[in-house]
Amino acid sequence: MMSSALFAGCFALSLTASAALPSARQGLVQVNTEDLSPEVALSGDARGWHTVAADQVNEGTGPYWLRTQVDVPPREAGAPTPALALSVLGSWEAWWDGGLLGRNGQVGRTPSEEVPGRVDALLPLPTGLSAPGPHVLTMRISAHRLGFQPVGTVHYMQVGEAASLAQMRMLGLVPALCMLGALVLMGLYHLVRVRLAHGGLATLLLGVLCLAAAALVLMESWRGLANYPYPQHALRLRLQAAAVLAVAALLPATVHAAFGEPLRWLRWMGLGMGLLALVFVPGFDAKNSVALGASLVVSTALAVRAWRRGEPGGALGALAGLCFAGTLYLLEPWGFSERGFFVAFGGLLVCLTAIHARRQRQQQERFESATRAAERLQLELLKRSLQPHFLMNTLGALSEWVETEPAQAVRFIEALGAVYRHLLAVSGERTIPLARELELCRAHLEVMGCRQGTAFQLETEGVDLSAPVPPALLHTLLENAFSHNRYVSPHTFRLESSLVAEGTGPRRRYVFLAPPGTGTRPGGGEGTGSRYLRARLEEAFPGAWRLEDGPTDAGWRTRVEVPA
């Protein structure tokens, strides 16, 4: 035992006297890739050793040797013996001032000989070799099972009180874990709104973005929560990179959907150029930083465009959140995903959620207002259909048919009953399939044909019978046509439908043409029918519809556009 202590003392004295040995405080270490015995490696011989930056150590699978000076900080009398915290991607053996300090896994010349060590380790220092000042750390390392080519395999070396080092590590996780819980709750809340409250694309994207950000925070915290064997580090980095790419793609997509950016290519061109640059960036951390930086730039450009367009819904608030995240990114771009991300994106997502909640409340208020208006106008339309003048004419014609043309009377009664059955069935719906609306329209044309003593047809082209439309939309257009025209001969009404690409998504366009009759009176204006149409469209498609009408040579033309 005395000879071992004497050897260690001589070893420490020889290396401490050597000015060539670098210090970990300066970020430098010495490495040697030769297959040395521990005695030779610890002898202080400088042959075969070369100095490299500590964060650039990457000597392949090894085994290779590493040595450097590590400082033990001063401490008060009676303080606990310090410990050495190491983070190395590999299996290793460590010597402290020439004495064996500990092992992490088993170093091997081949993958079969090696037993993987854990990424992080905390080793108590020997009581007699923990005096304040520089000490010599020597390590033998092998890394046959990395699974990727890292920039550096040595992450940090630090000496301190064991309890303080462990506490510092856990305290660093607390803010990230708190934000993780908030992000998961925010994401689930938005997805539930999509499922139960029929939220739109912006709600869906915001929910998925929150969960992607939560996944990234979880991947960053995984290492602190579970001290895994070093081969799993490659899996963690790949999952982390996938989460970064998801966040980088979803953030501008969410901003795009929230503010209705009309230029899709602007989002994808900027983001695509940034992500393509990842091919030329070495290391996972650098790739992640470039991807998040490109995402922030594109999202900020979209928010600026929305603000300049005067887009309602808080473009200025989103811009403030993006500027906050961008500022934290610029302060530490290469470590942003590890340290600043959970603060920056947490604040940004809170801003986006608040803006989204405000827009949802405004849409709900518009929806409720449109519902009340539609219900009131629906009652007015039913009153108009049952007005005394209409009833007297209908009953007069019916009594004459009962005496002279019983078959015509039966046909009229059946058609009139079909109209009111359809109106009763659809009156409480927000939207109905176009097929049901066309059934109502054809029943109404049958009634009017009986009353006018002629035949009316409704032709359709390009229609999707399952497409949703507000109830009585086309029926109201037919009523308006008969209110402003007198048809004494057979006429055909036309409905054309087509899909158009416009704005943020495809839209369905309906064009209804009512032919001119005799004694035509000017149509349009803001009568009961027109107000009913606008109220129903606002109720079914809040803020996302368009209605235009006017005279043409072929008759009165009405064009309606709604989301497909």
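This is a predicted model: local features need pLDDT of at least 70, side-chain atom pairs count only at pLDDT 80 or more; totals for chains, interfaces and linings use all residues.
# A quick tour of the chain

In this chain, residues 24 or more positions apart account for 75% of the contacts with a separation of 6 or more. The chain holds 15 helices and 16 strands, and of its 564 residues, 45% count as buried. Here are some spots to look at, grouped by topic.

**The open sheet**

- Six strands come together in an open sheet, and their order is β2-β1-β3-β8-β5-β6.
- The pairing in this sheet is antiparallel.
- At the edges you'll find β2 (50–53) and β6 (99–104), each of which pairs on one side only.
- Going from one strand to the next, the twist averages 30°.
- As a bit of background, strands of a sheet pair through backbone hydrogen bonds, either parallel or antiparallel.
- For a closer look, take strand β1 (residues 28–32), which pairs with β3 in the antiparallel sense over three bridges.
- Val-31 stands opposite Leu-66, a residue in β3.

**Aromatic rings**

- Search the whole structure and you get nine aromatic pairs.
- One involves Trp-65 and Trp-95: the ring centres are 5.4 Å apart and the planes sit at 35°, so this pair counts as tilted.
- That pair links distant parts of the chain, with Trp-65 in strand β3 (residues 64–72) and Trp-95 in strand β5 (residues 91–96), 30 residues apart.
- Trp-65 and Trp-95 are both buried.
- Trp-222 and Tyr-228 make another tilted pair, at 5.3 Å centre to centre with 50° between the planes.
- There is also an aromatic cluster, formed by Phe-456, Phe-482, Tyr-487, Phe-493 and Phe-512.

**Around His-233**

- His-233 belongs to helix α6 (residues 232–259).
- With a relative accessible area of 3%, which is under the 20% cut-off, His-233 is buried.
- Its side chain and that of Tyr-228 are joined by a polar contact of 2.7 Å.
- Tyr-228, the partner of Trp-222 in the tilted pair, counts as buried too, at 3% relative accessibility.
- Not counting residues up to four places away in sequence, His-233 touches Leu-89, Val-119, Phe-148, His-155, Arg-223 and Tyr-228.

**Phe-345 in helix α10**

- Look for Phe-345 in helix α10, which covers residues 336–385.
- Phe-345 counts as buried because its relative accessibility is 1%, and buried means under 20%.
- Phe-345 and Gly-321 are 24 residues apart along the chain, and their C-alpha atoms are separated by 8.5 Å.

**Pro-80 in a loop**

- Pro-80 is found in the loop between β3 and β4 (83–88).
- Is Pro-80 buried, exposed or partly exposed? At 46% relative accessibility it counts as partly exposed, since that class lies between the 20% and 50% cut-offs.
- Leaving aside neighbours within four places in sequence, Pro-80 is in contact with Arg-75 and Glu-161.
- The C-alpha atoms of Pro-80 and Ala-163 are separated by 9.3 Å, while the two residues are 83 residues apart along the chain.

Methods. Residues are numbered from 1 along each chain as its sequence is written. Side-chain values use heavy atoms; hydrogens and water are left out. Rings of Phe, Tyr and Trp (its six-membered ring) pair if their centres lie within 6.5 Å; planes under 30 degrees apart count as stacked, over 60 as edge-to-face and the rest as tilted. Helices (H or I, at least four residues) and strands (E, at least two) are DSSP runs, numbered from the N terminus. Buried means under 20% relative accessible area, exposed over 50%, partly exposed in between (1.4 Å probe, protein chains only). Two strands pair if DSSP finds at least two bridges between them. Axes are lines fitted to C-alpha atoms, for helices over the stretch in contact, and angles run from 0 to 180 degrees between N-to-C directions. A polar contact is a pair of N or O atoms within 3.5 Å; within protein, one must be able to donate a hydrogen and the other to accept it, and residues adjacent in sequence count only if both atoms are side-chain atoms. Contact means heavy atoms within 4.5 Å.
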